[in-house]
Amino acid sequence: MIASNKLLPVITIDKWHQFNMFALSLKLFATCPYSLQISGRRKHRHSWASTAAYACSIHSVDTISAPAFIAVDGPAACGKGTLAKSLALKFNLKHLDTGLLYRAIGYKALQLSIPFDNKEWLVQLSSRLSSLDLSEPGLRSDDVATAASKISIIPGVREALNAYSRQFSSTMHPNSQGTILDGRDVGTVLCPDAHVKLFLTASAEVRARRRLQELVLKGMLKEGDVDARDAMYERVLEDLKERDQRDTSRSTAPLRAAEDAHTLDTTHMSAVEVVTEAERIVMKACPWLKKEQ
Ligand SMILES: Nc1ncnc2c1ncn2[C@@H]1O[C@H](COP(=O)(O)OP(=O)(O)O)[C@@H](O)[C@H]1O
Ligand SMILES: Nc1ccn([C@H]2C[C@H](O)[C@@H](COP(=O)(O)OP(=O)(O)O)O2)c(=O)n1
């Protein structure tokens, strides 16, 4: 993953067949990351003698902004997804919700009745994860969240899903200014060199209330039914605390803030206030980013 230089030289050369020799000669001169734009498709062998000619075929040397990497971590329902989506829109970043990867495997395990301690099968499933698995509508349920948390303690599962996330981060996404990932270990394990690391927190009670409100909005709970609401609140709070405990105490990549993360306690902040503060931090760390809206 590239997450260091602010500016990358963009070198445009004429034809694909010039690329091989050009890349060799570039090794002699290049001291920084570069991006190559090649027109034409033909491949040819060329001698060293013509290296100078290739150098002459350089069209232009210009600079573009390097892709920005932003990491957002935190416990369940602290507002990671809301913030990451909003920053992705504002700065035109590609967003990956890494929790969805764990949910997709948890969902499959539930569907196929695979026990959560069957490491071999779960690792196999994880290594075959495809982007189609992430659009399954059942991924957002609480049962799937618990399953995701349980399978996430398996190091082999984490390795396979990290490979998926790294592939996403290292892919050049044309027309975007970078990537933003949210999850539990983005700033500590997945993108330790991220330009900006945000760690969100909020009290368990406030987070449970936010989840409860989601159920009301989805029509799964009637606002006026106080007894049902109270019972559901207690269940959601208990699930959430149990998940926090598992996610923070596992031996591989536990949930924690990276040392250089900016921690935002969102307990008494509205979603808009969180975005405004995060935007300020991002602009300070990545002044080259252009705002889209
Ligand atoms: N600062 C906030 N104040 C109030 N509600 C919020 C805030 N941030 C997010 N929410 C709401 O809380 C719920 C959980 O947020 P979400 O972004 O899904 O959390 P996470 O991705 O951390 O699980 C959503 O319904 C969202 O609209
Ligand atoms: N990077 C990640 C993301 C999620 N997980 C695990 C741990 C979490 O409890 C589950 C579900 O994560 P998800 O972010 O979807 O959950 P919330 O939206 O925060 O409730 O997956 C993880 O271990 N590492």
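## The overall fold

Helices here are DSSP runs of at least four residues, and strands are runs of at least two. With that in mind, let's look at this predicted model: its protein chain has eleven helices and eight strands.

The chain runs to 293 residues, and 46% of them count as buried. If you take the contacts with a separation of 6 or more, 81% come from residues 24 or more positions apart.

## A lysine in a strand

Now zoom in on K197, which you'll find in strand β7, residues 196-201. Is K197 buried or exposed? Its relative accessible area is 6%, and buried means under 20%, so K197 is buried.

What does the side chain of K197 make a polar contact with? Its partner is the side chain of D260, at 3.0 Å. Leaving out residues up to four places away in sequence, K197 also touches others, including A71, G187, C191 and H262.

## Around ligand 2

Next up is ligand 2, whose space is the largest pocket. Helices α4 (98-111), α6 (142-151) and α10 (226-249) are the elements that give two or more residues to the shell around ligand 2. The biggest giver is α4, with four residues.

There are 18 residues around ligand 2, and K80, R103, R158, R211 and D247 come nearest. Polar side-chain atoms lie 2.6 Å from a ligand oxygen atom in the case of R211 and 2.7 Å in the case of D247. On its own, ligand 2 has 520 Å² of accessible area, and the protein covers 97% of that.

Methods. Residues numbered from 1 in each chain as written. Chains lettered and ligands numbered in written order. Predicted model: local features only at pLDDT ≥ 70, side-chain atom pairs only at ≥ 80, totals over all residues. Heavy atoms only, no water. Buried < 20%, exposed > 50% of the residue type's maximum accessible area, 1.4 Å probe, protein only. Contact = heavy atoms within 4.5 Å. Polar contact = N/O pair within 3.5 Å; in protein donor to acceptor, adjacent residues only side chain to side chain. Near = heavy atom within 4 Å. Areas by Shrake-Rupley, 256 points an atom, 1.4 Å probe, with all protein chains shown as cover. 1 Å grid on protein atoms, 1.4 Å probe; cavity = no way out; pocket = protein on both sides within 12 Å on 5 of 7 lines; lining within 4 Å. Sits in = over half its atoms within 2 Å of the grid points.
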